[in-house]
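Trainee: I am new to this structure, and I would like to go through its charged side-chain pairs step by step.

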2 protein chains.
Amino acid sequence: MGTTQLETVPEPKYWHLKTVLSEALDSEFSVGEILPNERDLAARFGVARATLRQALEQLELEGRLQRRRGVGTTVAPPRMGVAVGTEQHSWPGTAGDAWQPADCTAAVPPAGIAGLLGTDTDTQVHTVRRSRVNDGQPVAAELLYVPETSVPGLTAPDAPSGAARARAVLRELQRLELEGQDRAVELGSARVEDARELDRLPGAPVLVVTTRFFAGGRTAAVSVATYRADTCRLTFGDPDGVVIHHGAGAPSLDTSPEPVT
Amino acid sequence: MGTTQLETVPEPKYWHLKTVLSEALDSEFSVGEILPNERDLAARFGVARATLRQALEQLELEGRLQRRRGVGTTVAPPRMGVAVGTEQHSWPGTAGDAWQPADCTAAVPPAGIAGLLGTDTDTQVHTVRRSRVNDGQPVAAELLYVPETSVPGLTAPDAPSGAARARAVLRELQRLELEGQDRAVELGSARVEDARELDRLPGAPVLVVTTRFFAGGRTAAVSVATYRADTCRLTFGDPDGVVIHHGAGAPSLDTSPEPVT
C-alpha cells in the first residue's frame with residue numbers, strides 16, 4: 001500500500017528535470033563552469049523556460065548551482081563546513097575567534113533584540129559589526145549587540161566608531177564571567193548591508209544564527225550572525241572534545257552528505 | 001566615505017516593498033489571516049505583479065508569510081523553537097526523544113551517506129524513518145541510516161518493515177556505547193516524500209540537520225533530519241545544563257528575535 005500511495009503522488013515536472021540536471025552536472029560539468037543560457041538549456045531538455053527556472057532554483061537552494069552577478073549560473077563547489085559553537089563558553093573576540101571586528105556604532109537595536117536584552121525599545125546599545133572570511137571568501141556577517149550595562153568600564157571613546165572601538169567593546173565584555181550561552185538557527189534573507197558584504201543580492205537566503213550570552217544572571221549580549229546559505233554548512237562539534245573517528249573510507253569532516261534532495 | 005558607499009547601493013524596488021508590506025502585516029493583519037490576491041495587492045501598492053511576488057517570496061523566506069495549498073497566502077505565526085542537540089550523548093529513541101518511529105526498510109543509502117558510514121556504495125543499511133510533531137503540526141522528517149554491523153544482534157524480523165521494526169533497530173543501537181556525535185545544519189529543499197509528510201510542496205526550503213553518531217571508533221549511524229524552514233527555528237541549548245536567566249522583560253526561550261531582514 002505504501003508503494004501505491006507513493007505512486008499516486010506524481011513528481012512535479014520541474015522536480016524530475018532537477019534530477020536529470022543534477023546528473024548532468026555530475027557527469028558533464030566541472031566546478032566553476034558556466035552553464036549554457038536558459039534558452040539553450042530549455043531546448044536541450046525539451047521543457048518550458050518556467051519549468052527550467054524552477055529546477056535551477058531548486059539546485060541553487062541545494063547548493064549545487066550559484067548565480068553570480070555579471071557571471072551567470074555556475075556549478076558550485078561543495079559547501080564549506082563552518083564551525084559554529086565548537087567553542088562553548090567563550091566570549092566573542094577571545095583567542096581563536098574566526099571573526100574580524102570591522103566597526104562599532106551606538107544604535108537602537110530591533111525590537112526583538114531589545115526584548116532579549118531587556119533594554120527599553122528606544123535605548124541605544126553598542127553595535128559591533130564583525131565579518132568572517134573562510135579561504136578568502138566572505139562567509140558571514142555579524143551584528144553583536146552589547147548594552148551599556150554589560151561594559152560599564154568602557155571609557156569615553158577617542159573615536160566613536162571603527163574597528164578600534166569594536167575591539168575595546170569586546171575587551172570590556174570579556175571582563176564579565178560568562179555563565180552560559182545558547183543558539184538558534186533559522187532561515188532568513190540577506191539585508192542590503194549584509195548582502196553587499198557577502199557578495200550576494202539582497203534577499204538571498206541566509207542562515208541566521210542568534211546567540212545569547214549570559215552573565216550576571218541576565219543576557220549580557222546578543223549576536224546575530226548571517227551566513228551565506230549557498231556556500232556554508234554550519235557544523236556543531238561535540239563540545240566535550242571527543243575525538244572524531246572515521247570509518248574506513250569515510251570522508252573528512254569537511255565533506256558533507258548531499259543535502260536532502 | 002562609508003556613507004557615500006551605502007548611498008550608491010540603491011535598495012531594489014521589491015526590497016522597499018517588502019519593508020512596507022512587513023509594516024502592513026504588523027498593523028493591519030493578524031496571524032492566520034489570508035492576504036488579498038496578488039492583483040489587488042499590486043494595485044494597492046502601485047507595483048508590478050513581478051515586484052509584488054518577489055517581495056512576497058522574501059517575506060515567506062523570513063517566516064512572515066505562509067503559502068498553503070488550497071488556502072492561499074496567510075500571515076504566519078512566530079516560528080516555533082525546536083530543540084536540536086540539547087540531549088548530547090544520547091542515541092535516537094532514548095527516553096525524552098521527540099521523534100516517533102514510522103517505518104524501517106533495508107535500502108542502499110545515498111553515496112554521501114555511504115561515505116560517512118564507510119559502507120560500500122551498493123550495501124543496504126537499515127533505514128529508519130521517523131517524524132516529529134510539535135503542537136499537532138509536523139515539523140520534521142528523519143531518515144536514520146544504521147549499517148548491519150552496528151546492530152549485529154538484530155534478529156530476523158517477523159515483519160521486514162514498519163514501526164515495530166524501526167523500534168527494534170533503535171533498541172539494538174542503544175546497546176552500543178555512544179562515544180560522541182556531531183551535527184551540521186544546511187539549507188536544502190524538501191524531497192517529494194518529505195514534502196508530503198511536512199505538508200509542503202516538493203522543493204520547499206528546509207533546514208537539513210545531519211548528525212553522526214560515533215561508537216566503537218567509527219560512525220555507527222547517520223541521521224538526516226529535514227525541518228520545515230518556514231515554521232521552525234532550531235535551538236541549540238547549552239549542553240552543560242547551565243540555567244538560563246532572563247533579563248527583566250526578556251521574552252521566554254520560545255520567542256525569537258526577528259530573523260535578519
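Predicted model: local features only at pLDDT ≥ 70, side-chain atom pairs only at ≥ 80, totals over all residues.

Mentor: Residues are numbered from 1 along each chain as its sequence is written, chains are lettered from A and ligands numbered from 1 in the order in which they are written, and side-chain values use heavy atoms, with hydrogens and water left out.

Trainee: How many salt bridges does a search of the whole structure find over all chains?

Mentor: A salt bridge is a side-chain nitrogen of Lys or Arg within 4 Å of a carboxyl oxygen of Asp or Glu. With that rule applied over all chains, the search finds 36 salt bridges.

Trainee: Asp26(A) forms a salt bridge with which residue?

Mentor: The closest N and O atoms of this pair are 3.0 Å apart. Asp26(A) lies in helix α2 (residues 13–28) of chain A and its partner in the loop between α4 (49–61) and β1 (65–68), so the pair ties together parts 38 residues apart in sequence; helices (H or I, at least four residues) and strands (E, at least two) are DSSP runs, numbered from the N terminus. The partner is Arg64(A).

Trainee: Is Arg64(A) buried or exposed?

Mentor: Buried means under 20% relative accessible area, exposed over 50%, and partly exposed in between (1.4 Å probe, protein chains only). Asp26(A) has 55% and is exposed, whereas Arg64(A), with a relative accessible area of 18%, is buried.
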